[in-house]
Amino acid sequence: MKQRALVWFRRDLRLADNPALRAAVDGGYDGIVPVFIHAPDEEGDWAPGSAQNVWLHESLSALSAALEALGSRLIIRQGPTEDAIDALIEESGASALFWNRLYEPKLRERDDQLASRIATDHPDIGLESFQAHLLNEPWDVETRQGSPYKVFTPFWKAIKDRGIRQPLPRPAALPDVWSRIGSLELDALQLLPDINWDEGIRENWQPGEDGAHDRLETFLADAAEHYDNDRDHPAVAGTSYLSPYLHWGEISPFQVMHRTEEWLAEQSGGAVHEHMASFQSEVGWREFSHHVLYHFPKTPDMPLDSRFESFPWRHSEQDFKAWTAGRTGIPMVDAGMRELWSTGYMHNRLRMTVASFLTKNLRIAWQHGERWFWDTLVDADLANNTLGWQWAAGCGADAAPFFRIFNPARQGERFDAKGEYVRRWVPELSDLPNKHIHKPWDAPDDVLENAGVTLGDTYPKPIVDLKVSRRNALEAFDQVKN
Ligand SMILES: Cc1cc2nc3c(=O)[nH]c(=O)nc-3n(C[C@H](O)[C@H](O)[C@H](O)COP(=O)(O)OP(=O)(O)OC[C@H]3O[C@@H](n4cnc5c(N)ncnc54)[C@H](O)[C@@H]3O)c2cc1C
């Protein structure tokens, strides 16, 4: 009797270090059916946003090509997932179903239901799920008191020296998929936008497993040895840009950790170890955000610190629109928001700056910013985005205290001293001298005139006064802090 296995690809769009695929290969199955099921409704309120969909389209296309090169092909189906899996079991005669685990609350619920239903309806099917997306399962890390961590440093201390498994090899070849098992065309998923706003994403990124490894190698060759100095300077390509690849599982955290260790072993000098430790601890923040989401599944919508449930947020559609459009009149904020719109990415320093500005200076609830990021980031990730927004708003795990309000002009002066980042994204200010580029409202008239800047015409006047809005935010916090 022929044995066949279904390998259900989800956010693990890679062939190397893919435990579900490896289980099928090592299990000696003579039929292996790689399948992707598009079921965004099953993610509840957090179905992938527009930028993620563009990425997903390209990534599935890359995975399809990679599978074909090994003699296989990707079967694409639409949800509901349970129906699609039932149909595939029927059509393929599969006796096993393998997948890699994810941790978003809705997906866990869906996967648990699916597993128990298959166990009941198809008791002969061997089901197995694997750890592939995180170095540590969220339930495998706990404080001495047996509770989840809410602070990063002790969390990372508890796990950073735990051994991790070696990455698994990529299959050398895969069995052909029976021609009678049909697949949808990728275009049928309608992941791409009707209007052409996604050019910037295409120009800046190469989704897929090869793109992920190229990115990691570029980072190691060009930026890793200065990571801790450059990571805060948005005009410099000083970080790895691996976030969308890690989100979609085009590279695994195991591969990232092992490759960086291997690279480190080839380097000399102590400083490089510190830079790499700093980079690896950022990968640790990703572990932490998943740990927090797993243990506090309501946090995408609700503040972890319940005092903030009654925070007096402001409602201003006009200010929110100015923020999304990069037209607040505050150059660092506008530069960050325009980078996001053009490329699907925003530098971390800017994510913190624009989020602080929205939640504190504009006093607009963090959930609105979180949604905008969700729709526009190619790396939008429920765990990381939730943690980032709650951190910035001062209401989350290990959050910046509310009273720590970033001054965006000062952020610019410190981290973009030569104004290169602002000039790149806010070209209408490019002729302003460095001294004034982060605070055009303070520039003398003749300086503005010489730079061709007319506030309120060629570039907006600030929509809020930074000092007054800071004071108002602190007063609002006084109302809830006890
Ligand atoms: C308001 C806000 C929203 C954010 N939303 C997201 C999001 O939706 N998706 C996302 O991946 N990151 C998010 N981040 C975290 C961080 O900004 C990005 O991970 C980082 O900028 C990605 O760039 P990189 O890959 O070059 O990072 P690197 O500095 O090269 O870091 C390496 C990897 O570590 C992880 N990482 C780095 N910083 C963090 C962090 N603070 N929290 C969790 N993981 C981290 C990422 O997977 C990243 O790819 C957010 C941060 C803030 C302040």
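In this predicted model, W8 stands opposite W99 in β4, where β1 and strand β4 (residues 96-100) pair in the parallel sense over 4 bridges; two strands count as paired if DSSP finds at least two bridges between them, and helices (H or I, at least four residues) and strands (E, at least two) are DSSP runs numbered from the N terminus. Residues are numbered from 1 along each chain as its sequence is written, and side-chain values use heavy atoms, without hydrogens and water. Local features need pLDDT of at least 70 and side-chain atom pairs count only at pLDDT 80 or more, whereas totals for chains, interfaces and linings use all residues.

Together with helix α1 (residues 19-26), β1 and β2 make a right-handed β-α-β unit, right-handed meaning that, with the strands pointing away from the viewer, the path from the first strand over the helix to the second runs clockwise.

In a regular strand the side chains alternate between the two faces of the sheet. In β1, R4, L6 and W8 on one side and A5, V7 and F9 on the other are all buried, that is, under 20% relative accessible area with a 1.4 Å probe and protein chains only. Strand β1 (residues 4-9) thus has 6 of its 6 residues buried.

Grid points are joined across faces, edges and corners, and a volume is the space filled by probe spheres set on the points. The largest cavity holds about 60 Å³ of space, and the elements giving two or more residues to its lining are α11 (271-295) and α16 (382-393), with α16 supplying the largest share, 4 residues. Among the lining residues are S289, V292, T386 and Q390, and by class the lining has 6 nonpolar, 5 polar and no charged residues.

The second largest cavity, with about 30 Å³ of space, is lined by residues including R10, R11, D12, N100 and H133; its lining has 2 nonpolar, 2 polar and 5 charged residues, where Ala, Val, Leu, Ile, Met, Phe, Trp, Tyr, Cys and Pro count as nonpolar, Asp, Glu, Lys and Arg as charged, and the others, Gly among them, as polar.

Technical notes: Buried means under 20% relative accessible area, exposed over 50%, partly exposed in between (1.4 Å probe, protein chains only). On a 1 Å grid over the protein atoms alone, a cavity is a set of points where a 1.4 Å probe fits but cannot get out, and a pocket is an open set with protein on both sides within 12 Å along at least five of seven lines; lining residues have an atom within 4 Å of a point.
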